[in-house]
Amino acid sequence: MSQEQDNVMKLLEKKHYKYMKEAFKEAQKAFLKDEVPVGAVVVYNDKIIARAHNLREKNQSFMAHAEFLAMQKASKKLGSWRLEDCDVYVTLEPCPMCAGAMIQGRVRHVYYAAQDNKAGATGSVIDLFETPFNHKVLKTGGIMADESKELLQTFFKKLREKWHFSL
């Protein structure tokens with residue numbers, strides 16, 4: 001790899017880290033609300049246009065996943081359901097519902113932090129992006145994976161302790 005290519009790669013890594021860090025801030029907000037700590041941002045033209053975190057408990061809605069909510073906000077901001085030039089950064093690998101919404105919304109690329117070995121739909125359990133749909137979403141995982149995984153583990157440990165003490 002040439003020095004120029006190496007510099008370009010470092011700039012891209014820095015950019016992706018910057019956006020994932022913003023998604024992680026959203027995950028921390030969810031944690032403080034006793035929601036599963038997942039956060040997401042939607043980026044359009046190198047600018048964050050929407051951000052959200054899980055609100056399933058507060059909203060009592062199975063659709064209130066971070067990336068789903070962020071995509072809805074982005075769609076409203078752009079005035080279109082088509083998110084073709086948008087990238088989604090999310091702290092946990094998307095589930096089938098959210099991966100399907102990304103396909104339907106024509107998202108360009110999803111960047112996720114931690115893998116979800118129980119419900120991940122971009123390769124951990126199933127890969128919806130490799131099925132013959134009319135739109136292909138690009139995917140990249142592992143950005144800030146350790147931090148996101150640790151936050152999730154801390155949340156579920158706290159939840160188990162709370163549940164254990166309530167017995």
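The model is predicted, so local features need pLDDT of at least 70 and side-chain atom pairs count only at pLDDT 80 or more, while totals for chains, interfaces and linings use all residues. Residues are numbered from 1 along each chain as its sequence is written, and side-chain values use heavy atoms, with hydrogens and water left out.

Next, show the aromatic rings, where rings of Phe, Tyr and Trp (its six-membered ring) pair if their centres lie within 6.5 Å, with planes under 30 degrees apart called stacked, over 60 edge-to-face and the rest tilted. By this rule there are four aromatic pairs. Y89 and Y111 form a stacked one, at 4.6 Å centre to centre and 10° between the planes. Because Y89 lies in strand β3 (residues 86-92) and Y111 in strand β4 (residues 109-114), the pair ties together parts that are 22 residues apart in sequence; helices (H or I, at least four residues) and strands (E, at least two) are DSSP runs, numbered from the N terminus. Y89 is buried at 1% relative accessibility, and Y111 is buried at 8%. The rings of F155 and F156 have centres 5.0 Å apart and planes at 80°, so this pair is edge-to-face. F155, at 4% relative accessibility, counts as buried.

Of its 30 residues, V42 and M102 touch the most other members. Elements that each supply at least two residues include β1 (39-44), β2 (47-53) and α4 (96-104), while α3 gives the largest share, five residues.

Finish at the largest pocket, about 820 Å³ in volume. On a 1 Å grid over the protein atoms alone, a pocket is an open set of points where a 1.4 Å probe fits, with protein on both sides within 12 Å along at least five of seven lines, and lining residues have an atom within 4 Å of a point; the volume is the space filled by probe spheres set on the points. Of the 28 lining residues, V36, L92, D116, L152 and F156 are the closest to its centre. α5 gives the most to the lining, with nine residues.

Definitions and conventions
Buried means under 20% relative accessible area, exposed over 50%, partly exposed in between (1.4 Å probe, protein chains only). A nonpolar core is a set of buried Ala, Val, Leu, Ile, Met, Phe, Trp, Tyr and Cys residues joined through side-chain atoms within 4.5 Å.
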